[in-house]
Amino acid sequence: MYLHWLIFSLASIWRGSACNSRQYAEAKIKLWKDLGLEDNSTQNERMWPLMYNYKYESKYADQPADIHVDIYVSSITNVNEKAQSLTTQLKMITVWPNVRMMWNPANYCQIETFAAPKNMFWTPDIGILESIKTEYGTKESPYVHLRSSGVTISTDIFALTTACKMDLYRFPFDTQKCSITLQSAVYSDKEIVIKTLNANHIINKSKEIFESQGEWNLINIIHSNKTTFDGLERLKMHQLIYEIEIKRRPVLYVINIIIPACFLLVLDVISFFVDSKAADKVAFKVTLLLSVSVMLLIINNTLPSTGREIPLIGVYCGVIFFLIGISIMETIFVNYLKYQAAKKRSVETTADLTGRDVCVRDQQNPPDSVRDQNEEQSCTPDCLKLILTECRQITPLSLTKKARIINVIFLTLYIFTDIVFMSVLWSYWYIP
């Protein structure tokens with residue numbers, strides 16, 4: 001550490017001995033004049049370096065100029081699934097050659113970088129094809145940096161909203177890939193070629209300056225080059241394509257939708273073991289059904305209305321809604337059978353009690369005449385009918401027993417269907 005500071009101090013002393021502050025200022029003025037920045041007669045050479053660079057370096061005579069563009073993602077401010085758009089905070093560094101603006105630092109007090117107004121120089125017309133809206137962080141930088149090696153550097157920081165085709169099939173356990181395509185508006189691939197300046201440094205630097213701790217996490221940034229043919233202008237355009245890979249943090253949706261929906265399904269299963277009135281049980285299940293419908297509304301407001309595939313979270317809530325609906329219908333049917341059994345039992349019990357009362361009353365009051373004896377004899381078949389009715393009530397498949405069997409079979413199939421559905425959905429949903 002001390003060695004580092006010693007070297008820094010010696011370098012400062014050496015630079016100070018080479019030029020004092022006055023000499024440094026005079027060197028900047030001299031450099032300004034030597035570069036022709038105050039002479040309008042050479043403005044064409046500054047404005048169109050691609051036409052004049054070959055005068056100073058022969059390699060530009062038969063090949064296009066290399067325009068280097070590096071994009072660093074500092075934050076992801078918004079992802080609109082319904083509008084299929086991505087808003088990011090970007091830092092874009094553009095570097096292009098201008099050998100007319102070259103000097104020897106040794107002749108100018110070791111000045112290697114020089115800032116100059118951007119409107120005095122030609123700048124690449126690099127546009128973003130997917131751009132919907134661009135907003136600069138403060139304002140567009142009015143300056144460029146000139147390097148002694150003959151390159152010009154422009155740095156811009158802005159918020160960019162781009163169109164992004166999203167695949168929401170595995171929402172909220174999804175990973176999205178959004179492209180940023182850089183292309184010149186008027187220059188063909190014979191005039192400029194767009195490249196990266198430091199491809200390996202882009203993702204590392206982006207993760208280092210990435211400040212967002214919201215819903216999305218930056219995974220990777222990869223680049224590729226492509227030449228496309230513009231049919232309208234009949235030109236071949238060179239493109240630099242950045243593909244930004246981001247992954248959603250699903251905790252919010254797991255807590256607010258997935259777990260509550262699963263809990264509602266568990267409550268519906270538990271309700272089969274609760275011995276309560278039919279009306280109360282149906283009302284409870286209808287409440288569960290309404291709760292799932294609210295979750296479906298939340299999903300509808302988040303996801304786009306059109307898509308090639310139904311998102312798995314929509315299938316998840318839709319199947320739960322269907323299962324609870326089937327459960328309500330089964331509960332109503334079983335309670336209907338129980339009600340019919342109770343109604344039949346009530347009618348037969350009433351008739352039984354009425355017949356018994358008649359027979360008992362006749363036995364307590366003996367007949368006084370022959371007519372009364374005939375009536376007594378007619379009472380005997382009525383008593384036999386009551387006994388036969390009681391025998392018919394003792395049947396192996398009464399309505400109550402049928403209702404219980406249906407309830408047990410349905411509950412078994414219901415639990416089995418729930419387990420199979422959750423297992424299959426989870427294998428498609430979360431497991432890569």
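Residues are numbered from 1 along each chain as its sequence is written. Because the model is predicted, local features need pLDDT of at least 70 and side-chain atom pairs count only at pLDDT 80 or more, while totals for chains, interfaces and linings use all residues; side-chain values use heavy atoms, with hydrogens and water left out.

**Exercise 1. The chain as a whole**

Find how many helices and strands the chain has, and what share of its residues is buried.

Solution. 
- Step 1: Count the elements. The chain has 10 helices and 11 strands. These are DSSP runs, numbered from the N terminus: helices are H or I with at least four residues, strands are E with at least two.
- Step 2: Turn to burial. Of the 432 residues, 36% are buried. Buried means under 20% relative accessible area, exposed over 50%, and partly exposed in between (1.4 Å probe, protein chains only).
- Step 3: Look at contacts, meaning heavy atoms within 4.5 Å. Among contacts between residues at least 6 apart in sequence, 78% join residues at least 24 apart.

**Exercise 2. The disulfide**

Locate the disulfide and state its handedness.

Solution. 
- Step 1: Search the whole structure. One disulfide turns up. The test is a pair of cysteine sulfur atoms within 2.5 Å.
- Step 2: Name the partners. They are Cys164 and Cys178, with sulfur atoms 1.9 Å apart.
- Step 3: Read the torsion. About the S-S bond of Cys164 and Cys178 it is about -80°, so the disulfide is left-handed.
- Step 4: Cys164 lies in the loop between β7 (151-163) and β8 (175-184), and Cys178 in strand β8, so the pair ties together parts that are 14 residues apart in sequence.
- Step 5: Check burial. Cys164 and Cys178 are both buried.
- Step 6: Compare other cysteines. Cys317 is buried at 0% relative accessible area. Cys262 counts as partly exposed at 31%.

**Exercise 3. Thr162 and its surroundings**

Decide whether Thr162 is buried or exposed, and list what it touches.

Solution. 
- Step 1: Thr162 sits in strand β7.
- Step 2: Read its accessibility. Thr162 has a relative accessible area of 2%, so it is buried.
- Step 3: List the contacts. Leaving out residues up to four places away in sequence, Thr162 touches Gln84, Ser85, Leu86, Ile128, Glu130, Ser131 and Ile132.
- Step 4: Follow one of them. Gln84 lies in the loop between β1 and β2 (85-97). Its phi is near 55°, a positive value in a residue other than glycine.

**Exercise 4. Backbone exceptions**

Find a cis peptide bond and another positive phi.

Solution. 
- Step 1: Recall the background. Most residues other than glycine have a negative phi, and most peptide bonds are trans.
- Step 2: Find the cis bond. It joins Phe171 and Pro172, with omega about 5°. Pro172 is in the loop between β7 and β8.
- Step 3: Find the phi. Cys109 has a phi near 55°. Cys109 lies in the loop between β2 and β3 (113-117). It is buried, at 13% relative accessible area.

**Exercise 5. Ser74**

Which residues does Ser74 touch?

Solution. 
- Step 1: Ser74 belongs to strand β1 (residues 65-80).
- Step 2: Judge burial. At 16% relative accessibility, Ser74 counts as buried.
- Step 3: List the contacts. Beyond four places away in sequence, Ser74 touches Gln89, Leu90, Ile209, Phe210, Glu211 and Ser212.
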